[in-house]
Amino acid sequence: MSNMHRIHWFDQRIRGGHYPSSKDLALQFEISRRQAQRDIEYLAVSLRAPLLYIAKYRGYCYEDRTYVLPHLYMTEEEKSVLKFLARKYGEYSSDSPSGVRRVAHLLGRFAGEEGGEDSRRLPFFEADPRLIQISQQLSFAISHRRVVHLHYRHENGQTRENVCPVRLLSQYNADYVAAYGEHGGGRTLYRLDRIENLHITGRIFEQDDGEEVPLTKAGPPGIKPFTARLKLNSELQGDTWHGYKARSTGDGLYDIEFYDADAFLQQLVLGSWQRLESPKWLKTKLQNRCEQILTCLYGEE
């Protein structure tokens, strides 16, 4: 297959511990970022590679180091058959649903016919660390029935409101949280990508058993979170700190996992804690944020 030499290169870079990315693949073979992302998607989905994105290195590794690429071989006769089927599906798909068009493109890729940027293609999804973080915090709020303060961006402006989240769901290629107003009202869908920021309050909301909606839990995409070591004022009663997964390391220290650095910095500003042990880059970002706040309060002096 025409993209296998790129996949083999990507595989070797992973095994060499270089954490390759779609940008590296695109630069190496002078292809577009979209094409590189489709190659990575093919490696993960079709070849079942246990790819794991490491945010710290902005690249991929194998979660299971024992994985090996399968040996793929296709005869010219088999390619001819696939090309014929791809062409037939392509002709049929002019007035057909998008599913048929995707089949035509997929057959063409197997046959080694890769189109340009305007060709039909399977969609690919990029894991957004910020959306992962928001989903994780909302999952915590749903399971613990916590009221959430949202800073939300509407089409006609921005609002701040307190809501009672009850379910995460996806509709029309977007992710939503279904929530009720803290003081009553109907259920509203909020798009996760329009949530500017959120804060999980300590208030508990009561949910009518007749209105209870089961939580649809979906693990985050294969992205490894950052970890901050934080000394807290008191021992945690559970395994989370304001919705962030936490693990005790002794002496009041906890390893806190987070995906979105800006959102976590905001929580550090709002939350109560004693000392930030690591990582160093997060301490630097927090120091810069605090200096900006002091400058706004007292000026350059």
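Thr240 stands opposite Lys245 in β11. That pair is a handy way into this predicted model, because Thr240 belongs to β10 (240-241), an edge strand that pairs on one side only. Two bridges join β10 to strand β11 (residues 244-250), and the two strands run antiparallel.

Let's step back for a moment. The protein has eight helices and 13 strands. Buried residues make up 37% of its 301 residues. Now take the contacts with a separation of 6 or more: residues 24 or more positions apart account for 56% of them.

## The five-stranded sheet

β10 is part of an open sheet of five strands, and reading across it you meet β10-β11-β12-β9-β13, with antiparallel pairing. The edge strands are β10 (240-241) and β13 (275-278), each of which pairs on one side only.

Ala246 has Ile256 of β12 as its bridge partner. These two strands form a hairpin with two residues between them, and Asp251 in the turn has a positive phi of about 60 degrees.

Moving on, β9 and β12 pair in the antiparallel sense over six bridges. Phe226 stands opposite Phe258 in β12, and Arg229 stands opposite Asp255 in β12. On to β13: three bridges join β9 to β13, and these strands run antiparallel too. Arg229 turns up again here, standing opposite Ser278 in β13.

## A strand covered on both faces

How many of the six residues of β12 are buried? Six of the six are, so β12 is largely enclosed by the rest of the structure.

In a regular strand the side chains alternate between the two faces of the sheet. For β12, both faces are covered. On one side sit Leu253, Asp255 and Glu257, on the other Tyr254, Ile256 and Phe258, and all of these are buried.

Helix α8 lies across β9 (226-231), β12 (253-258) and β13, and it runs at about 140 degrees to β13. So which strands of the sheet does α8 lie across? They are β9, β12 and β13.

α8 also meets another helix. Two packed helices are described by the angle between their axes and the distance between the axes. For helix α7 (residues 261-270) and helix α8 (residues 280-298), the axes come within 11 Å and cross at roughly 60 degrees. The crossing is right-handed. On the α7 side, the contact is made by Ala261, Asp262, Phe264, Leu265, Leu268 and Val269, while α8 brings Trp281, Leu282, Lys285, Leu286 and Arg289. Sorted by class, this contact of α7 with α8 has eight nonpolar, no polar and three charged residues.

## Gln267, a residue to look up in α7

Gln267 has its place in helix α7. Is Gln267 buried or exposed? With a relative accessibility of 3%, Gln267 counts as buried, because the cut-off for that is under 20%.

What is Gln267 in contact with, leaving aside its neighbours within four places in sequence? The answer is His199, Trp241, His242 and Tyr244. Trp241 lies within the residue range of β10 (240-241), and Tyr244 within that of β11 (residues 244-250). Gln267 also sits 9.3 Å from Leu198, C-alpha to C-alpha, though the two are 69 residues apart in sequence.

## Another helix pair: α2 and α3

Helix α2 (residues 22-29) and helix α3 (residues 33-45) pack with their axes 8 Å apart, at an angle of about 115 degrees. α2 passes α3 in a right-handed crossing.

Here Ser22, Lys23, Leu25 and Ala26 in α2 meet Arg33, Ala36, Gln37, Asp39 and Ile40 in α3. By class, this contact has four nonpolar, two polar and three charged residues.

## A word on cysteines

How many disulfides are there? Counting pairs of cysteine sulfur atoms within 2.5 Å, the total comes to zero disulfides.

Cys61 is buried, with a relative accessible area of 16%. Cys164 is also buried, with a relative accessible area of 5%. Both count as buried because their values are under 20%.

How values were computed. Residues numbered from 1 in each chain as written. Predicted model: local features only at pLDDT ≥ 70, side-chain atom pairs only at ≥ 80, totals over all residues. Heavy atoms only, no water. Buried < 20%, exposed > 50% of the residue type's maximum accessible area, 1.4 Å probe, protein only. Axes fitted to C-alpha atoms, helices over the stretch in contact; angles between N-to-C directions. Helix = DSSP H or I, 4+ residues; strand = E, 2+ residues; numbered from the N terminus. Left-handed = near helix turned anticlockwise from the far one by under 90°. Contact = heavy atoms within 4.5 Å. Nonpolar A, V, L, I, M, F, W, Y, C, P; charged D, E, K, R; others polar.
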